[in-house]
Each structure stands twice: as C-alpha cells, then as structure tokens.
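Please read the following report alongside the sequence and the model.

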Amino acid sequence: MIALLCEELERLGEGIDLGELAGWLSDRFPEAEVRTAAGPCGAPEDLLDPAHKGLDPAHKGAGGIVLGLCGWDGERQELHARARKLGIDPTRIEVVNLGGYCARLHPRPAATAKAKLLLEAALKKLKKAAPGRQANAKPFVPWEHKLSRRSLFTLPPVRYEVVPSIRREACASEEGCRECAKVCPHDALRAGEDGRMALAKQPCTGCGACVTACPLGAFDFPGSSPAQIEAQSAALLNGASTLPRPRGILFLCHKGISVLNGLAREGRSIPEGWLPLEVPCVGMVTPGWILGCLSRGAASVAVLPCRREDCRFGQEAEFAGRVDYCRDLIGGLGGASDTVKLLDPEDPEGVSRALADLPSAVEEAEAAGTAGAASAADGADAADGSGFGPEETAKTILALARKFGASPEGFLAHPASPLGVIEIGEGCTACNACAAACPTAAIVMDEDEEGVSLSFDARVCVGCGGCAPVCPEKVMRVERGVALDRLRRGRETLHRVASPRCEKCGGPIAPQAMLDKIGKILGEDNPAMNILTKRCAVCRQMY
C-alpha cells in the first residue's frame, strides 16, 4: 500500500508535522510506503502522475493508495478516470481531506494526531477492500454543456461510476425477498419473471442504500462495503493515535465535505474528537451502524447529509427516520437521546453549534468500558467485518440496555427499526410457508418424532414482513420494533403441533392442524381422509 501526502499540509493553517506523521505511519504500517508530493490538491488526480513525483509506474499494482490532501471537494470522476488510465483500480484509492478535517481546524499537535488516526483508518479500510469488477462499473458521458451539432463530432471521453452488484448465490429474491428494491430511490432494482433481482445501472446512482438493506449481504460495493466501513469506524474509535478521548463519529456523504470545508474557511473550530467517516450517501447509514459506533466507544454520532441542491440520491426521509429511531431507542433505554445528531447542511451555524462539544470524559469513559466488554464478547464478529449485521445490532442494543439499566420488558415500535418481531395467532397449520419466505431464517420449522414446531429468533428478524402475506391462514403478524426480552431469549418456539406417523413407513404424514383443516373442507366421512390421515405422501402413491 502507498500513502501520498501533500507537501502543502506542512504550511496550511497551523500545519501538520509531516515528518512525524510519515514516521508514525511507517512504524505502524511497515508494509506501506509513505511519500510526500507537491499538489495541486485542487486536482488530486495529478498526484497519480509520475511527473508530480507521485506514483511510479511500478506502483500500478499497489494493494491500495491513500491520498492525504490539503483540500478535497468530493468529486471523484477525474480521479477515477486517471486511475483507470494508469491501470489502477479506482476503488482501491482512499482520499482523506487532511486540510479540511485537521490542519485548518486544529492546532498543529492536535491536527497531526488526528491526521494519524484518519490515515490509519483509511489504510485499514483498504485492507478490507475487494477488487472492483466490471459489474461495478457504470459508464457515462459527463455532458457539461448543451449539445450542438458540432459537439457530436467531439464527444467527451467516457467516465465510470462505481455502483453495487448482486452476488446471485447469496440473494434470496427467488424466495420473495425484496428489501433492496423497497429502499432504492430510483427504481433501479427489479425482480424478473424468474424471480431473480437485477440491477439496472443507468438509473442507479450508487447511493448504497440497497447494500445495507440486504439482510444477507448479497451486494458487492467495492470501496464502500459494510466490511470496509466497519473496519474504518473501529480504527477511528480505537486506533493507536495519541488523539485524546472523547471521540465521536461524523457520518457524511461525499458532497457533505463542502459544509465542513466552509466551517474551516470561516475559521470555525470543532473538537478534534469529531472523526469524519465519508460514505457515498448517508442514506446507506443504518441504525445498526450508528448504535454500533456508540457501543464501541463513540461518545456521540452525528449524520451530515449534503445540501439539497447537491443531492441526487433523494433519501432525506429515510436517514431522518433512522436517526429518529436511534434517538428514541437511546432515550427509551434511559440514555441521552441527543448523543445522536442529525445536522442540517443548510444551516452552517447550527452545524457548528451541534459539533461544539462532545459528552464529558466521564460519560465517554463509561461508554468505552461498555464497548470494551461488548468487543471482548463479540470480537470474532468485529474482526471479520460483520459487526453491523442484524445479529450484531441485536447484541449492540442489549449492551446499551445493560449500560442504561433498561427494563427487560421494554418494547419500542418504530417504522425505521432495523429489527422486527412476529406473533402467530390461533389457526396456524404449520404449513411452513412463512419459514420458506423468511430470508434470514428468523422463522424456522423443525420436525421431530412427535410433531413440528415453528421457532422465531428476534435477533435476526429484520421486520421485512415477507412472512405475513404468504400465510394461508392469515394468522401471522409482523411489527417493526425491538422487544428486549425476546432479544435476550434468542430463538424460542412460537407454535407446536403434533404430526401423525405413517402406518406403513413410520414417517411423518402432516401436521395434525393441517389434516384437521382438510377434514373440514372434504368432510370427515370422505373416504379420502382415511388415506390422508394414515399414510404419508410417498406411501399414498403405493396404496
């Protein structure tokens, strides 16, 4: 891996000590080559050009490139185009705005310590990167002006954007799952006649909402995968930098950088503990991500979208609902709901006030202690990048409930809840339709010598509601929300019914409740019932 640092950072604001930063990175990441290069940061793609003493031709096969810049507006088109031209995978390039996030906001020692942490997190994020594939490249032509007849003879070069792709072997769309399509703001995901989900690249804007909505992790999104974001957030909160605590995570989209850049230009300062984590769109930030950061030691979490005039993703209602859910949950558990903040990019003054401080060191130390216990118990999940999945979200909620001493009987219903609960009413025939439709195996039908049972695990239920519509008896009820007692219990049996055995082979015939229903339809005196109730489906064919 390679880290390229802009030389101007030494003189920007109060500056960053590049000598100290480069030495620390080399010691911390001996496998990485750390270099400094002249800007201009206004065109970061030039740092990839050997003429600017950036990359050498031999660096084309590098495992990842981190660009530490003195300024960055979030535009990636030209950077990705230059990378492709040089044969470099653009999804393995991380840009860190050390000027806007560090040098312009903080005194030199704090700016240097924060720069260490941001670069450490970027390098650890790259270690979790999967290679980009052709399926993740969306071609487009960057028209900047109105077309004329003459311009048709001088077409601009084709550019590429990174979009998600579906791994069909992991997708449950053929079983009826539609969670990704529900959240897509541009109708880019649809199931075909064969039931398989397909992504149309042209309307897709690469917001990543489908990636985090998929309960099975069936999407690949190089450069912004959940595993990468989890690794990055863990490094920001627990990295080896000397940056003091408390620390807070600031989720922001690529376009949201301009808001923080504006604060820096105006000479405003925010606590150095606020650590930015950029994503393609804050619409892909789930409640599990927010709560997971809090349980892992963040004193606060803030979400900063881009300005409405810059947004092309259209997910304002979605991320606002998720933040509202997190605030309600933390408040309901007995914590301070304002530890989760939704910032208004149209109000720089409000952003500055909201980020003016972090919770006290005492409060943060308690959070860090709780996070340490949770991390020890759940270390395997965090290590493999699955720390933001449904089951990990359930563990996080239980950890927060223990911290705040919440009632074990607590329940919070909310439309933006990442988890759900189900109830089965009278009349269930144990037909298995609900279990077959459940994409996460939250509902499972088991069979033993005495009968069949339906069990439910609230820790992996995402509240998708796919089970209720397929229930022929209409006795299944689904509600998005969190029931602490059910999370603690884990898998539990909701319904059990006896199953008569075949008089010929001894195998199960069918649940008794189903046979009773058939008897009511056909009539108990119907000769067919004599066969249906005594022999299994296989042995009936031999009757």
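## Basis of the model

This is a predicted model, in which local features need pLDDT of at least 70 and side-chain atom pairs count only at pLDDT 80 or more, while totals for chains, interfaces and linings use all residues. Residues are numbered from 1 along each chain as its sequence is written, and side-chain values use heavy atoms, with hydrogens and water left out.

## The chain as a whole

The chain holds 20 helices and 20 strands, where helices (H or I, at least four residues) and strands (E, at least two) are DSSP runs numbered from the N terminus. Of its 543 residues, 53% count as buried; buried means under 20% relative accessible area, exposed over 50%, and partly exposed in between, with a 1.4 Å probe and protein chains only.

Contact here means heavy atoms within 4.5 Å. Among contacts between residues at least 6 apart in sequence, 75% join residues at least 24 apart.

Helix α4 covers residues 108-127, and at 1.5 Å a residue its 20 residues should span 28 Å, which agrees with the 29 Å between its end C-alpha atoms; the expected span is 1.5 Å times one less than the number of residues. The helix is mostly covered, since 16 of its 20 residues are buried.

α4 packs against helix α7 (residues 226-238) at an angle of about 150°, with the axes 8 Å apart, the axes being lines fitted to C-alpha atoms, for helices over the stretch in contact, and the angles running from 0 to 180 degrees between N-to-C directions. That angle makes α4 roughly antiparallel to α7, given that angles under 35 degrees count as roughly parallel, over 145 as roughly antiparallel, 65 to 115 as roughly perpendicular and the rest as oblique. On the α4 side the contact is made by Leu117, Leu118, Ala121, Lys124 and Lys125, and on the α7 side by Gln228, Ile229, Ala231, Gln232, Ala235 and Leu236. By class, these are seven nonpolar, two polar and two charged residues, where Ala, Val, Leu, Ile, Met, Phe, Trp, Tyr, Cys and Pro count as nonpolar, Asp, Glu, Lys and Arg as charged, and the others, Gly among them, as polar.

## Helix α10 between two contacts

Helix α10 (residues 316-333) packs with helix α9 (residues 287-295) at an angle of about 40°, with their axes 9 Å apart, and the two are therefore oblique to each other. Pro287, Ile290, Leu291 and Leu294 in α9 meet Arg322, Val323, Tyr325, Cys326, Leu329 and Ile330 in α10, a set that divides into nine nonpolar, no polar and one charged.

α10 also packs with helix α14 (residues 390-404), again at about 40° and with axes 9 Å apart. Here Tyr325, Leu329, Ile330 and Leu333 of α10 meet Ile397, Leu400, Ala401 and Phe404 of α14, and the contact has eight nonpolar, no polar and no charged residues. The buried residues of α10 include Tyr325, Leu329, Ile330 and Leu333. After the helix comes Gly334, whose phi is positive, near 110°.

## Cys431 in its loop

Cys431 lies in the loop between β16 (420-424) and α15 (433-437), and is partly exposed, with a relative accessible area of 34%. Not counting residues up to four places away in sequence, Cys431 touches Pro472 and Met514. The C-alpha atoms of Cys431 and Leu454, 23 residues apart along the chain, are separated by 9.7 Å.
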